[in-house]
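Open the model in your viewer and keep the selection panel at hand. The stops below go one by one.

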Amino acid sequence: MKKLILIIAVCILSSSCATIFGGKITHCQKTKPLPGNESRQIRIVPFIFDLWNPIIFLTIDFATGAIYKPCEK
């Protein structure tokens, strides 16, 4: 039982808001904009929730690209 609680706690602490609730990550969210192009906008609500534990949550969201808004077509 203690192992299960530990696994659940690790899963919760190692995941972040935009990664879980942001939906499918598009190609343009994963790639960096080219020099001279407009920078990507971030999702405000997940960013605010990620401030609860910024070292872990913001790192995960920025590393996966989930914090960025999907590109408009």
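**Stop one: Arg-43**

Select Arg-43: its side chain reaches the backbone oxygen of Tyr-68 at 3.3 Å. That is a polar contact (a pair of N or O atoms within 3.5 Å; within protein, one must be able to donate a hydrogen and the other to accept it, and residues adjacent in sequence count only if both atoms are side-chain atoms).

A word on the source: this is a predicted model, where local features need pLDDT of at least 70, side-chain atom pairs count only at pLDDT 80 or more, and totals for chains, interfaces and linings use all residues. Residues are numbered from 1 along each chain as its sequence is written, and side-chain values use heavy atoms, with hydrogens and water left out.

Arg-43 sits in the loop between α3 (27–30) and α4. Helices here are DSSP runs (H or I, at least four residues), numbered from the N terminus. Which side chain of opposite charge is nearest to Arg-43? It is Asp-61, 8.2 Å away. Arg-43 is buried yet has no salt bridge. Buried means under 20% relative accessible area, exposed over 50%, partly exposed in between (1.4 Å probe, protein chains only). A salt bridge needs a side-chain nitrogen of Lys or Arg within 4 Å of a carboxyl oxygen of Asp or Glu. For charge, Lys and Arg count as positive and Asp and Glu as negative; His and the chain ends are not counted.

Now show the surroundings. Beyond its neighbours within four places in sequence, Arg-43 is in contact with residues including Gly-22, Gln-29, Ile-67 and Tyr-68. Contact means heavy atoms within 4.5 Å.

**Stop two: Gln-29**

Move to Gln-29, in helix α3. Buried or exposed? Gln-29 counts as buried, because its relative accessibility is 1%. A polar atom of its side chain lies 2.5 Å from the backbone oxygen of Tyr-68. Leaving out residues up to four places away in sequence, Gln-29 touches Arg-40, Arg-43 and Pro-70, among others.

**Stop three: Glu-38**

Glu-38 is in the loop between α3 and α4. At 66% relative accessibility, Glu-38 counts as exposed.

Select Ile-48 in helix α4 (residues 44–50). Ile-48 counts as exposed, at 52% relative accessibility. Its C-alpha is separated by 28 Å from that of Pro-35, 13 residues apart along the chain.

Next, take Leu-51, in the loop between α4 and α5 (54–64). Leu-51 is partly exposed, with a relative accessible area of 46%. The C-alpha atoms of Leu-51 and Ala-63 are separated by 16 Å.

**Last stop: helix α1**

Finish at Leu-4, in helix α1 (residues 2–13). Leu-4 counts as partly exposed, at 47% relative accessibility.

Note on methods. Helix = DSSP H or I, 4+ residues; strand = E, 2+ residues; numbered from the N terminus.
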